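The model is shown below.

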Amino acid sequence: MINVGLLIIRLVIGLLFVGHGAQKLFGWFGGHGLKGTGGWFESIGMKPGVKIALFAGLAELIGGILFVLGFLTPLAGIIIAGTMVMAIVKVHGPNGLWATDNGYEYNLTLLVVAIGVALTGPGQYALDAFLF
């Protein structure tokens, strides 16, 4: 049952990151695309905004895909955790912990799940299990 649990965690978290990356890169799922996301990044002092949006979107998309597949899982966990560290430091940290105050509670949860799976391993139903 542990393997099924890890698969569910990887699928949900990984697909959410794929979605967030697609929002930034392509404007899908209600996102604003590179130009809109880049403009928002610049408005909070992160410049050059479009380039940072590109890197953030690629990190979320690639990290999410790797996490879903259970391929290079430690790397996927690091990529996802890195994006959440940036979200905490640059956006949510000053608001405190609780998500009800736009704090970093949710980002911290995702960070811990990504690192936990990276350290534990992706489970039996993962490419890493077949390849390594």
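Axes here are lines fitted to C-alpha atoms over the stretch in contact, and angles run from 0 to 180 degrees between N-to-C directions. The model is predicted.

H1 and H5 pack with their axes 11 Å apart, at an angle of about 130°. H1 is therefore oblique to H5. Their crossing is left-handed. H1 contributes Leu6, Ile9, Arg10, Ile13, Leu16 and Phe17 to the contact, and H5 contributes Tyr106, Leu110, Val113 and Val117. Nine of these residues are nonpolar, none is polar and one is charged.

The largest nonpolar core holds 15 residues. Ile13, Phe17, Phe67, Ile80, Met84, Leu110 and Leu111 have the most contacts inside it. Helices H1 (2–26), H3 (49–69), H4 (73–92) and H5 (105–120) each give two or more residues to this core. H4 supplies the largest share, six residues. Beyond its neighbours within four places in sequence, Leu111 touches Ala81, Met84, Val85 and Ile88.

The loops hold some backbone exceptions. Most residues other than glycine have a negative phi, and most peptide bonds are trans. The Lys47 to Pro48 peptide bond is cis, with omega near -5°. Pro48 sits in the loop between helix H2 (33–43) and H3. Two non-glycine residues with positive phi are tabulated here.

| Residue | Phi | Loop | Relative accessible area |
|---|---|---|---|
| Leu72 | about 55° | between H3 and H4 | 32% |

Leu72 is partly exposed.

Notes
Residues numbered from 1 in each chain as written. Predicted model: local features only at pLDDT ≥ 70, side-chain atom pairs only at ≥ 80, totals over all residues. Heavy atoms only, no water. Core = buried A, V, L, I, M, F, W, Y, C linked by side-chain atoms within 4.5 Å. Buried < 20%, exposed > 50% of the residue type's maximum accessible area, 1.4 Å probe, protein only. Helix = DSSP H or I, 4+ residues; strand = E, 2+ residues; numbered from the N terminus. Contact = heavy atoms within 4.5 Å. Parallel < 35°, antiparallel > 145°, perpendicular 65-115°, else oblique. Left-handed = near helix turned anticlockwise from the far one by under 90°. Nonpolar A, V, L, I, M, F, W, Y, C, P; charged D, E, K, R; others polar.
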